[in-house]
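This report looks at aromatic rings and at one pair of neighbouring strands. Please view the sequence and the structure below before reading on.

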Amino acid sequence: MWRYSKNPVIGWNPTESIARVYNSAVLTHDGAFIGVFRADHKNGRANIHFGRSKDGIHFEIDDNVIPWVDRDGKPFPVSYAYDPRFVKIDDTFYVVWCDDMHGASIGMGYTKDLKTWVRLPNPLMPFNRNGVLFPRKVNGKYKLLSRPSDSGHTPFGDIFISESPDLIYWGNHHWVMGKGGLGWWQGTKIGAGPAPIETTEGWLLFYHGVSNTCNGFVYSIGAAILDIDKPENVKYRCGNYLLTPEEPYEVSGFVPNVAFPCQNLYDSDTGRIAIYYGAADTYTAIAFCQVDEVIEYIKKHNEVF
């Protein structure tokens, strides 16, 4: 995995009301790029904004927050929202984010035209974060990864999976994988990153792993491969991280030592993957890899536990 040479692609104060944009998600659409962006406002509160780009590098982000409505079309604003994931299933764009339901919880909504944004009921009870929706149904059911947590800066956490027939009622919960291993980089907690990529080996999942040091948390990027039909089963899991904070924009910022993946773009023809990740809770950055090389590296350093 290598970094884009001109990182970061979004820096401080991109609009009048926004101080920082990071932990955000981008999709291709009509020959260009669209995205949902975590924006920390200049009053310190986070919300989600929509944005566009011609090249996936230079973004024009709306200064206004996404205007959510309920299923009856009535205004349904969020208290706060952050760390969104973005996925298209059939003709609908879905957003999953960290929401406020009397504590940290998972929010979910959709749009068909990028104009009307409809909030769905919270899929899971608090406290929970890092909701990630699979890019298609598996065995006729929607699949959602999550990381049960607490209401603060959670010092623990494993990845779980839930399923739904309709995006409203969720159940059949399974543990997928946990923190730990022989190394220390993911010893405190883990959380799913972008939507999994479907490959011939299974679902390729990038995720964040966190270690706790005398100077605080360190967030790195790792990867695993889940079974294609039973994604609660881990086939391979890389014992090494793929990317850890090293560059100045990753080790220095509002929250230092953070590389937090939220989105990947996969070109199946070339095998190229672009990963959008948040750096130091301040910047948006991009890293690249090849699917065959990543899978080979995961299998070479396999450590399922």
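**Strands and a hairpin**

Two strands count as paired if DSSP finds at least two bridges between them. The model described here is predicted.

Strand β7 covers residues 82-89, and strand β8 covers residues 92-100. The two strands run antiparallel and are joined by 6 bridges. Together β7 and β8 form a hairpin, with 2 residues between them. D90, in the turn, has a positive phi of about 60°.

**Burial of β7**

Of the 8 residues in β7, 7 are buried, so the strand is largely enclosed by the rest of the structure. F86 is buried.

**Aromatic pairs**

A pair of aromatic rings is described by the distance of the centres and the angle of the planes. The structure holds 15 aromatic pairs. One of them is formed by Y80 and Y82, which are stacked, with 5.9 Å centre to centre and 20° between the planes. Y80 and Y82 are both buried.

F86 and F93 form a tilted pair, with 5.9 Å centre to centre and 35° between the planes. Like F86, F93 is buried.

**A cluster, and charges over rings**

One aromatic cluster is made up of F50, W68, W97 and W117.

Two arginines lie over the faces of phenylalanine rings. R20 is placed over the face of F254, at 3.7 Å from the ring centre. R119 is placed over the face of F76, at 3.8 Å from the ring centre.

Conventions: Residues are numbered from 1 along each chain as its sequence is written. This is a predicted model: local features need pLDDT of at least 70, side-chain atom pairs count only at pLDDT 80 or more; totals for chains, interfaces and linings use all residues. Side-chain values use heavy atoms; hydrogens and water are left out. Rings of Phe, Tyr and Trp (its six-membered ring) pair if their centres lie within 6.5 Å; planes under 30 degrees apart count as stacked, over 60 as edge-to-face and the rest as tilted. Buried means under 20% relative accessible area, exposed over 50%, partly exposed in between (1.4 Å probe, protein chains only). A charge sits over a ring if NZ of Lys or CZ of Arg is within 6 Å of the ring centre and within 35 degrees of the ring normal. Helices (H or I, at least four residues) and strands (E, at least two) are DSSP runs, numbered from the N terminus.
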